[in-house]
Amino acid sequence: MEPIIETKQLCHAYGVGTPFERHALQSVDFYANPGEFIGLIGHTGSGKSTFIQHLDGLLRPSSGQVLFRGEDIWKDKQFTHQIRFKVGLVFQYPEYQLFEETVFADIAFGPKNMGLDEEEVRRRVLRAAGFVGLEESDLDRSPFDLSGGQKRRVAIAGVIAMEPDVLILDEPTAGLDPNAREIVLQNIRDYQRAQNATILMVSHSMEEVAANVDRLYVMNHGTVAMTGTPREIFAHAQELTEMGLDVPVVTTIFHRLQELGFDVDPSVYTVEQAVAALEALRGGA
């Protein structure tokens, strides 16, 4: 299977040729297949934000390549422009970027910039609003009259309305209460399933990535330190901790149980897995 998006030996430096030159990315190899849900984790300053801005052409590599369906996104200006509709990027706290008078107009902004006719714009707005759980009656409201969680969903809908093949979300649940966090995550999963879209989610919540993603990339000082399934990654709890990262609480508990002599799998990373493991342990006692 050909990756839908990948990077090869991607490097990026800021302030080149000045005393402040800093290498934010160093030889990053990455790939995501169609329909995959990828998690990206790393300590603050590890290069995550710089990396994701390369995937839709907001930043140009100092060296290396970004490929979309096997083609370099910088091959010509027209293709680079098209990529920004095929690869949707939702920044952290995207509700701060809402600016239109109505929810409808905010969601419609991207599709209109794609040059679509009014009928197609309306279809996409209604579909995107449905994905994020907004009622049609909400579309005539001012986005500034909505709750924080609703604003976040409007902002995500604005990107979803462009129907990108790849949806990148930078800390999509940051600052939300637990109920609003789960609603947003469910919205993302609904879009992925309906569109067979590729999702890349940056998160500091190990529980969120553990429960949702197929594979994880761990960044450390501008490089990919690890990649694998959540089970494979969270089996390296000590290394993650040394990088300044947390691990899911249940993983910490099971590592401690193993240290105390219990015959348990320390790579458990969800509550459901923990329950099953403890029931098996009790049954074998």
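Biologist: Hi! Where is the place of F104?
Modeller: F104 sits in helix α3. Bear in mind that this is a predicted model.

Biologist: Which residues does F104 touch, not counting those up to four places away in sequence?
Modeller: F104 touches R122, V125 and L139 when those residues are set aside.

Biologist: And how are the C-alpha atoms of F104 and Y14 separated, in Å?
Modeller: By 38 Å, with the two residues 90 apart along the chain.

Biologist: Staying with α3, at what angle do α3 and α5 pack?
Modeller: The angle is about 35°, and the axes of α3 and α5 are 6 Å apart.

Biologist: Is the crossing of α3 and α5 right-handed or left-handed?
Modeller: The α3 and α5 crossing is right-handed.

Biologist: Which residues in α3 and α5 meet?
Modeller: From α3 there are V103, D106 and I107, and they meet V154, A157 and G158 of α5.

Biologist: What else does I107 touch, not counting residues up to four places away in sequence?
Modeller: With those left out, I107 touches V154, A157 and G158, and also V125, A128, A129, L134, L139 and A161.

Biologist: Which residues in the largest nonpolar core touch the most other members?
Modeller: That core has 51 residues, and I107 is one of those that touch the most other members, together with I160, L167, I199, V218, F234 and L240. Helix α5, residues 148–160, gives the largest share of this core, with six residues.

Biologist: What other core lies apart from it?
Modeller: There is another core of 25 residues, and its members include L10, V166, I168 and M219.

Biologist: Let's switch to rings. How many aromatic pairs are there?
Modeller: The count is six aromatic pairs. One of them is F99 with F109: their ring centres are 5.2 Å apart and their planes stand at 85°, so the pair is edge-to-face.

Biologist: Where do F99 and F109 lie?
Modeller: F99 is in the loop between β6 (87–90) and α3 (103–113), while F109 is in helix α3, so the pair ties together parts that are ten residues apart in sequence.

Biologist: What about F234 and Y269, what sort of pair are they?
Modeller: The ring centres of F234 and Y269 are 6.2 Å apart and the planes are at 40°, so this pair is tilted. F234 lies in helix α8 (residues 230–234) and Y269 in the loop between α10 (249–259) and α11 (271–283), so the pair ties together parts that are 35 residues apart in sequence.

Biologist: Are F234 and Y269 buried or exposed?
Modeller: F234 is buried at 0% relative accessibility, and Y269 is buried with a relative accessible area of 15%.

Biologist: Which residues do ring pairs link into a cluster?
Modeller: F30, F51 and Y217 are linked that way.

Biologist: And which residue lies over the face of Y31?
Modeller: R215 does, at 4.1 Å from the ring centre. In another case, K75 lies over the face of F79, at 4.7 Å from the ring centre.

Biologist: R215 again! What is T227 in contact with, leaving aside neighbours within four places in sequence?
Modeller: T227 is in contact with R215, and also with L216, Y217 and I233, once those neighbours are left aside. T227 belongs to strand β10, residues 223–228, and is partly exposed at 45%.

Biologist: Changing topic, where is the place of G47?
Modeller: G47 is in the loop between β3 (37–42) and α1 (48–55). G47 is buried, at 9% relative accessibility. Leaving aside neighbours within four places in sequence, G47 is in contact with A24, L25 and M219.

Biologist: Last one, backbone angles. What is phi of Q9 near?
Modeller: Near 50°, which is a positive value in a residue other than glycine. Q9 is in strand β1, residues 5–14, and is partly exposed at 43% relative accessibility. Y93 has a positive phi of about 50° too, although it is not a glycine. Y93 is in the loop between β6 and α3 and is partly exposed at 30%.

Key: Residues numbered from 1 in each chain as written. Predicted model: local features only at pLDDT ≥ 70, side-chain atom pairs only at ≥ 80, totals over all residues. Heavy atoms only, no water. Phe/Tyr/Trp six-rings, centres within 6.5 Å; stacked < 30°, edge-to-face > 60°. Helix = DSSP H or I, 4+ residues; strand = E, 2+ residues; numbered from the N terminus. Buried < 20%, exposed > 50% of the residue type's maximum accessible area, 1.4 Å probe, protein only. Lys NZ or Arg CZ within 6 Å of the ring centre and 35° of its normal. Core = buried A, V, L, I, M, F, W, Y, C linked by side-chain atoms within 4.5 Å. Contact = heavy atoms within 4.5 Å. Axes fitted to C-alpha atoms, helices over the stretch in contact; angles between N-to-C directions. Left-handed = near helix turned anticlockwise from the far one by under 90°.
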